[in-house]
Amino acid sequence: MSCSVIAFSNQKGGVGKSTSVVATAGCLLGRGYTVLVIDTDPQATASSYMVSDFEKQEEGREASLYHLIMDENLSVPDSIVHTPSGDLITASFLLYDMDRLGLGTSAIKEIVDEVRGQYDFILIDTPPNLGWLQTAALEASDDIVIPTKATAQSIRGIPTFFDTVYYVQNTNPKLRILGFLITMSNKRVLACKAIAGELETIAQQMGCQVFPEWIRLAEGLFGEAEAMHTNVFQMHRKNNALKDYAAFADALIKAVK
Ligand SMILES: Nc1ncnc2c1ncn2[C@@H]1O[C@H](COP(=O)(O)OP(=O)(O)OP(=O)(O)O)[C@@H](O)[C@H]1O
Ligand SMILES: [Mg+2]
């Protein structure tokens with residue numbers, strides 16, 4: 001089976017990108033697939049979800065994504081951390097520097113190309129902006145999932161995001177938008193349904209879909225797991241939002257495999 005490299009991207013902050021990456025990785029792993037998560041966000045949210053005591057573990061370790069990009073002698077397999085929700089290349093606050101270093105944007109693609117033969121899925125978490133890391137992440141990807149809340153504010157920046165996708169398609173013409181993943185929203189709320197209708201229209205124009213599997217709000221759950229630095233998926237299998245992620249992961253498998 002060939003590897004699918006999927007970026008979870010949206011320059012809007014706080015829409016569930018990192019949560020979606022980690023929960024989806026956990027679901028895919030549970031389905032028997034091999035999964036690598038690459039955390040390209042200097043905030044390192046996905047890394048801290050996946051590694052217990054992330055900050056302590058990373059102290060003095062020179063094998064994050066930043067180090068892989070900067071140190072030619074560091075091998076990709078040596079940088080990979082094995083976690084209960086999949087393998088991981090960790091982020092680091094050092095990535096905040098990337099925008100001003102002026103490096104070529106194929107740096108993450110080179111890393112992905114080295115290991116894509118070893119995984120069924122590589123999921124890339126991206127930062128909430130359209131800078132170097134976003135471009136480099138999209139250049140390394142085959143497909144994009146756009147997590148968004150069903151609120152007017154969350155969908156406002158979508159045209160700008162598409163401009164970045166078109167720009168990257170100049171160098172990565174196979175890059176494809178799979179669709180919108182609606183997070184932290186309830187299908188029964190009329191205002192959410194109206195926004196989902198707007199997303200449907202955009203998706204039709206773009207030739208992608210709005211995944212019918214919405215992720216419900218799970219009050220407290222993710223915040224608690226974050227504070228405890230634990231794997232949410234293992235802790236709370238019966239949670240509604242995680243059931244939604246399991247359904248989404250199945251839809252994702254169908255969409256790409
Ligand atoms: N389904 C959910 N139910 C409840 N809380 C959620 C859910 N999904 C995400 N959250 C919470 O919402 C906040 C934002 O989620 P997350 O960090 O995944 O978003 P993000 O898009 O990656 O943010 P950023 O843009 O800062 O990287 C977090 O506190 C997370 O715990
Ligand atoms: Mg995030």
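1. Val35 has Phe121 of strand S5 as its opposite residue, in what is a predicted model. Strands (DSSP E runs of at least two residues) and helices (H or I runs of at least four) are numbered from the N terminus. Strand S5 comprises residues 121-125, and five bridges join it to S2 in a parallel arrangement. Two strands are said to pair if DSSP finds at least two bridges between them.

2. S2 also pairs with strand S4 (residues 86-89), again in the parallel sense, over three bridges. Within S4, Leu88 is the bridge partner of Val37.

3. The five residues of S2 (residues 35-39) are all buried, so the strand is largely enclosed by the rest of the structure. A residue is buried if 20 or more other C-beta atoms lie within 10 Å of its own, exposed if 12 or fewer do, and partly exposed in between, with C-beta atoms placed from the backbone. Val35, Val37 and Asp39 point one way from S2, while Leu36 and Ile38 point the other way. In a regular strand the side chains alternate between the two faces of the sheet.

4. The sheet as a whole is open and has eight strands in the order S3-S4-S2-S5-S1-S6-S7-S8, with mixed pairing. Its edge strands are S3 (81-83) and S8 (209-210), each of which pairs on one side only.

5. Conventions should be stated here. Residues are numbered from 1 along each chain as its sequence is written, and chains are lettered from A and ligands numbered from 1 in the order in which they are written. Local features of this predicted model need pLDDT of at least 70, side-chain atom pairs count only at pLDDT 80 or more, and totals for chains, interfaces and linings use all residues.

6. Helix H14 (residues 240-256) has 17 residues, which should span 24 Å at 1.5 Å a residue; its end C-alpha atoms are 24 Å apart, in agreement. The expected span is 1.5 Å times one less than the number of residues. The buried residues of H14 are Ala241, Leu242, Asp244, Tyr245, Phe248, Ala249 and Leu252. Seen down the helix axis, they fall within an arc of 145°, so they line one face of H14. The arc is that of the directions from the helix axis to the C-beta atoms.

7. Is Ser79 buried or exposed? Ser79 has 20 C-beta neighbours inside 10 Å and therefore counts as buried. Ser79 belongs to helix H5 (residues 76-79). Leaving aside residues up to four places away in sequence, Ser79 touches Ala63, His67, Leu68, Leu74 and Ile89. Contact requires C-beta atoms, placed from the backbone, to lie within 7 Å.

8. Buried residues account for 47% of the 257 residues. Among contacts between residues at least 6 apart in sequence, 80% join residues at least 24 apart. The C-alpha trace spans about 55 × 40 × 35 Å along its principal axes.

How values were computed
Two residues are in contact if their C-beta atoms, placed from the backbone, lie within 7 Å.
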